[in-house]
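Please look over the sequence and the structure before reading on.

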Amino acid sequence: MRHLPFPLIFLCAVGFALFTARIAHAFPAEVLSVHDGDSITARRVGPVRHKSDKVRVYGIDCPELDQPYGEEARELTARILDGKTVEIVPAQKGKSYRREVGGIVLLGDMLVIQDTLVSAGLAWVDDRFCKLPVCDLWRLHQREAKAARRGLWADDAPVPPWTWRKMKRPQRVK
């Protein structure tokens, strides 16, 4: 009996865990641009010309561009995804920004971008929203990155982006 290579088994397991409920809605898309580590603009691939959509990467939160490690997160995402055809698996519709929120898999390299960013220490697993079983794998990789002091974990007290955004908002005068 022939065995599947480990990367293929891994991708299948992660893909199954992440996308089981939404697999029928997955679609190939060309990445047109990368805004920051966890936001891209992409256009569906197919015979019909589709408009481009903003897509927020599911389950993680990268540092903001003006935050330490924000540019590094954007550069890694751009190096991996920009101009490539990826598989986008919708997870939910973004409430505040009216953008698609989904998992992004680069099929040719069998890569899930969330895992790459978290493992590099360039993203937090966002426990407020990351509820699928695959989030546990990403949490494990986050603990490993933290223990190895990779990326943002090299700082003694990295500030999560959701806290950073609150600190940057102008305070209302009462």
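The model is predicted, so local features need pLDDT of at least 70 and side-chain atom pairs count only at pLDDT 80 or more, while totals for chains, interfaces and linings use all residues. Residues are numbered from 1 along each chain as its sequence is written, and side-chain values use heavy atoms, with hydrogens and water left out.

**D126**
- D126 sits in the loop that runs between β8 (124–125) and α4 (134–148); helices (H or I, at least four residues) and strands (E, at least two) are DSSP runs, numbered from the N terminus.
- With a relative accessible area of 3%, D126 is buried (under 20% relative accessible area; exposed is over 50%, partly exposed in between; 1.4 Å probe, protein chains only).
- The side chains of D126 and R128 make a polar contact of 2.7 Å (a pair of N or O atoms within 3.5 Å; within protein, one must be able to donate a hydrogen and the other to accept it, and residues adjacent in sequence count only if both atoms are side-chain atoms).
- Leaving aside residues up to four places away in sequence, D126 touches G59, I60, D61 and W162 (heavy atoms within 4.5 Å).

**Cysteines**
- The structure holds one disulfide (a pair of cysteine sulfur atoms within 2.5 Å).
- This disulfide links C130 and C135, with an S to S distance of 1.9 Å.
- The disulfide is left-handed because the torsion about the S-S bond of C130 and C135 is about -90°.
- C130 is buried at 1% relative accessible area, and C135 is buried at 0%.
- C62 is also buried, with 1% relative accessibility.
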